[in-house]
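This briefing concerns one protein chain. Please keep its sequence and its structure in view while reading.

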Amino acid sequence: MMKPLFHSIAVAAICCSSVNAEGPRQKMALEFNSNEMPVNTVTSQADALIQIALLVDTSGSMEGLVDQARYQLWNVVSDLTKAKRGANAIRLEIGVYQYGTDQVSKSNNCLRQIVAFTEDLDEVSRGLFSLHVSGGDEYCGAAIGRCLDELQWSEDSSVYKAVFIAGNESFDQGKTTVGEVLPTIKQKSVFLNTIYCGTKYEGRGQWDTAAKIAGGLSSFIDHNHRMPNVPTPYDGKMRELNEEMNATFLWYGKGADKAAANQGKQDRNAEKMSDHAFAARMSAKIGHLYHHVDHDLVDAMTHGHATLDKMPESVMPSVLAEKSASERREFMSELIARRKGVRRRMAEVLSLRQRFLENELIKRGAEAKTVLGDALSDAIKEQAATLGYTFSSEQKVALRSSP
């Protein structure tokens, strides 16, 4: 069967539920008085967590893989936006390692942690854009073992936890074998999935075997595939709406300046890659998995992490501290409504953009390729479904191609 060029479109469905169905890291019910603005949340319990460790080969031939990881992070997030376990919206934690780098000595297995498990997707993006491709030895077993030992994996065996390792060299390099890390994989209830990068199937045998003996899945991707540059009439509006959306973030607390600056930096990073990469980021940014609950008061309130009546004035953003209690409620109600409205408009623009691109690429006879986002999303859905996670058939929103 021919692989479709695009996901089906349901951006509007995701956006319309994005404010009223937000609930990552829900710790408590909102405690608004009856005269305060309505903010609905959906509780996300600990067992609705998804933990993904991405191990990226950054040796000399992997520039395309690194670019796909930078771009398709957002595709995967978009795919998971409406995922649930029971009635609970999911939480998503991502960690990143690089291996095969000559920037780390062989005695340290030419690998290092780039980002520990975090829900801050801008931080994950920052880590991916910090990667530099250079020659090094690819010790797959050591990379898997390191992430199993270092990351804070949930102790709940019913939580979906997975390692994805992507590369194209021999899988058995180095002193640590897959067999040696199997006990830890089983003890932590982690799926090990392998992604072989290349244009031919030759050489992937070890990668298939490693996944098989660990009970995971293996994939084969074209890591150098790039989508044709196709400008659309919607690209400018997409950028305008992003500026409007960013203006609804009310930054506060320790580290807020850094978080705000990083949000802008990751917008620019995606924009520099391509219009397609920027659209992929926007499709994720309008969903509940993209949030700054520790630094943005809109996210903190809609995710159930803060209430106005219990927030000391010393902690409030200055724009609120100088207002009366009723003025604060009105201000935040309007800001939350603005965020919801701009997300809905962004969803409409992304939907129109996607349809335009589908038609243009069909005219050009563009060929569909399996890329990193496919391998990640498909495996997550297949494996997590065995643990009770559900995935809406209407949740796919982003283009599945490289920039």
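Is Trp 153 buried or exposed? Trp 153 is buried, because its relative accessible area is 8% and buried means under 20% relative accessible area, exposed over 50% and partly exposed in between, found with a 1.4 Å probe and protein chains only. The model is predicted: local features need pLDDT of at least 70, side-chain atom pairs count only at pLDDT 80 or more, and totals for chains, interfaces and linings use all residues. Residues are numbered from 1 along each chain as its sequence is written, and side-chain values use heavy atoms, with hydrogens and water left out.

**Aromatic pairs**

- Rings of Phe, Tyr and Trp (its six-membered ring) pair if their centres lie within 6.5 Å; planes under 30 degrees apart count as stacked, over 60 as edge-to-face and the rest as tilted.
- The count by this rule is eight aromatic pairs.
- One of them joins Trp 74 and Tyr 290, whose ring centres are 6.4 Å apart and whose planes stand at 55°, so the pair is tilted.
- Trp 74 belongs to helix H2 (residues 63–80) and Tyr 290 to the loop between helix H9 (275–285) and helix H10 (297–302), so this pair ties together parts that are 216 residues apart in sequence.
- Helices (H or I, at least four residues) and strands (E, at least two) are DSSP runs, numbered from the N terminus.
- Phe 117 lies in strand S5 (residues 111–118) and Trp 153 in the loop between helix H4 (140–150) and strand S6 (160–167), so that the pair links distant parts of the chain, 36 residues apart.
- Phe 117 counts as buried at 14% relative accessibility.
- A cluster linked by ring pairs contains Phe 171, Tyr 196, Trp 207 and Phe 220.

**Charges over rings**

- A charge sits over a ring if NZ of Lys or CZ of Arg is within 6 Å of the ring centre and within 35 degrees of the ring normal.
- The charged end of Arg 239 is over the ring of Phe 278, 4.8 Å from its centre.
- Arg 339 lies over the face of Phe 249, 3.8 Å from the ring centre.

**Nonpolar cores**

- A nonpolar core is a set of buried Ala, Val, Leu, Ile, Met, Phe, Trp, Tyr and Cys residues joined through side-chain atoms within 4.5 Å.
- The largest core has 61 residues, of which Tyr 160 and Phe 164 touch the most other members.
- Helix H2 gives the largest share of this core, nine residues.
- A second, separate core of 30 residues includes Phe 117, Cys 140, Leu 182 and Ala 210.

**Strands**

- Two strands pair if DSSP finds at least two bridges between them.
- S6 and S7 pair in the parallel sense over six bridges, and Val 163 stands opposite Leu 192 in S7.
- In strand S7 (residues 191–197), seven of its seven residues are buried.
- Phe 191, Asn 193, Ile 195 and Cys 197 point one way from S7, while Leu 192, Thr 194 and Tyr 196 point the other way.
- In a regular strand, side chains alternate between the two faces of the sheet.

**Cysteines**

- A disulfide is a pair of cysteine sulfur atoms within 2.5 Å, and the count by this rule is zero.
- Cys 110 is buried at 3% relative accessibility, and Cys 197 is buried at 1% relative accessible area.
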